[in-house]
Amino acid sequence: MTLNRIRNVAFLSTYPSRECGLATFTQDLVRALDDVDLIDSPKVIAVSDSDEYQYSDRVIMEISQYDRNSYIKAAKQINKSDIELVVIEHEYGIFGGEAGEYILDFAKNLEIPFVTTLHTVLPCPGEKEREVLRELGKRSAKVVTMAKNTKPLLKDVYEMDLSKVEVIHHGVPYRILESREKLKEKHGFSGKNVISTFGLLSPGKGLEYGIEAVAKVVKEHKDMVYLILGQTHPAIKKRSGEEYREKLIAKVNELGIGDHVIFVDKYLTKDEIIQYLRMSDIYMTPYLGKDQAVSGTLAYAVGYGRVIVSTPYRYAEEMLSEGRGLLAEFRNSDSLAEKLKYVIENPEEKKEMENKTLSLGRTMMWEDIARQYVKMFIKTVEEVRLKDSVVV
């Protein structure tokens, strides 16, 4: 008998009120899945690094991040429940133990199939990182990656069977918004060239190079404003306070561009992020690391058809191919400045890039992404049941 729906799916992930990109991703996905007729309301097993979080009723249990036994206990509870499939949202720094190895205790004790979604794929992992992800991939019924560029790594570095690997884009929320010019007017940016970067601030974002690039461009384009949107990453704040933000502010003052760089120091709602993106002329990601396989912030910018100027990390290379944006050199403010100037000074090319980016972005709305996940969930459960019946 062929399944045509799947009833009970649970996601193992961080979840709001915990503030992190993975939590937001999972919330967006499960809400989108609520609207797909073939699946009942998905549940969440929340990974918590403190007891201060206030979760919604969707969270059916918690795992204490640094308590190894908590992972085993959760798996055994799920085995006794009516959950048919678990989705593990895998990211570094989310699970306890060396290289997040406690997630393997959960996987080994789980008696139902699970899917693993990869948010980071390291091309040169440490031995323990490689071992944990390889073992997790081996035990997974399916592995989801959000970028095609990771498939060779999964095969060659982590020895994963590519027949179980599915590529599903990072989703983007759909909103109907006013025009760019109307939003600029509302926010006091009429007549400005708006460049933006959003996300939790941390030194790996390379924003100092973005600031230096803006300082070079404003000499000729006085109408430019650069919005640095978002609060400092909670883990960075806990470790070193606002040291990074203070360095960036000091650099802005030193370069004399205080009128052209605006810090919006808050955890932005999705609607705020989308509004800022909608009124941006250019979205900039001057990240320092080559190996970032996925970026939720870049996915949002693609979803809303912005011209993107970025350093060539893996995800940016893939998303900006075929004329969808411009790649600058790592740690090179001159290169970033050159790309920004090109977009500002070539409005026809800018429009063409926006159209190309938007055509990809339209395929990344959560409604479509949720349907792809449901199709994969049903296929996974069918294959597992078929395999079990053959074994019997």
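1. In this predicted model, eight residue pairs, with both partners at pLDDT 80 or more, are in polar contact between domain 1 and domain 2. On the side of domain 1 that touches domain 2, the elements that give two or more residues are helix H1 (21-34) and helix H15 (366-391), and H1 gives the most, with four residues. By residue class, that side of domain 1 divides into eight nonpolar, eight polar and five charged residues.

2. Which residues make up the two domains? Domain 1 is assigned as 7-171 + 365-391, and domain 2 as 180-363, with 30 Å between the C-alpha centres of domain 1 and domain 2. Across the boundary, 21 residues of domain 1 are in contact with 20 residues of domain 2.

3. The size of an interface is often given as the accessible area lost when the parts come together. For domain 1 and domain 2 the buried area is about 1,800 Å², with 51% of it on carbon and sulfur atoms. Within domain 1, the residues that lose the most area to domain 2 are Glu19, His170 and Met365, which together account for 32% of what that side buries.

4. Lys270 and Asp28 meet through their side chains in a salt bridge, at 3.0 Å from N to O.

5. How many salt bridges does a search of the whole structure find? The search finds 32 salt bridges. One of the salt bridges joins the side chains of Asp105 and Arg68, at 2.9 Å from N to O. Asp105 lies in helix H3 (residues 102-109) and Arg68 in helix H2 (residues 68-79), so this pair ties together parts that are 37 residues apart in sequence.

6. Over residues 180-356 the chain is 48% helix and 15% strand, and the end C-alpha atoms are 18 Å apart.

Methods:
Residues numbered from 1 in each chain as written. Predicted model: local features only at pLDDT ≥ 70, side-chain atom pairs only at ≥ 80, totals over all residues. Heavy atoms only, no water. Domains from an automatic or database assignment. Contact = heavy atoms within 4.5 Å. Buried area = accessible area lost by both parts, 1.4 Å probe. Salt bridge = Lys/Arg side-chain N within 4 Å of Asp/Glu carboxyl O. Polar contact = N/O pair within 3.5 Å; in protein donor to acceptor, adjacent residues only side chain to side chain. Nonpolar A, V, L, I, M, F, W, Y, C, P; charged D, E, K, R; others polar.
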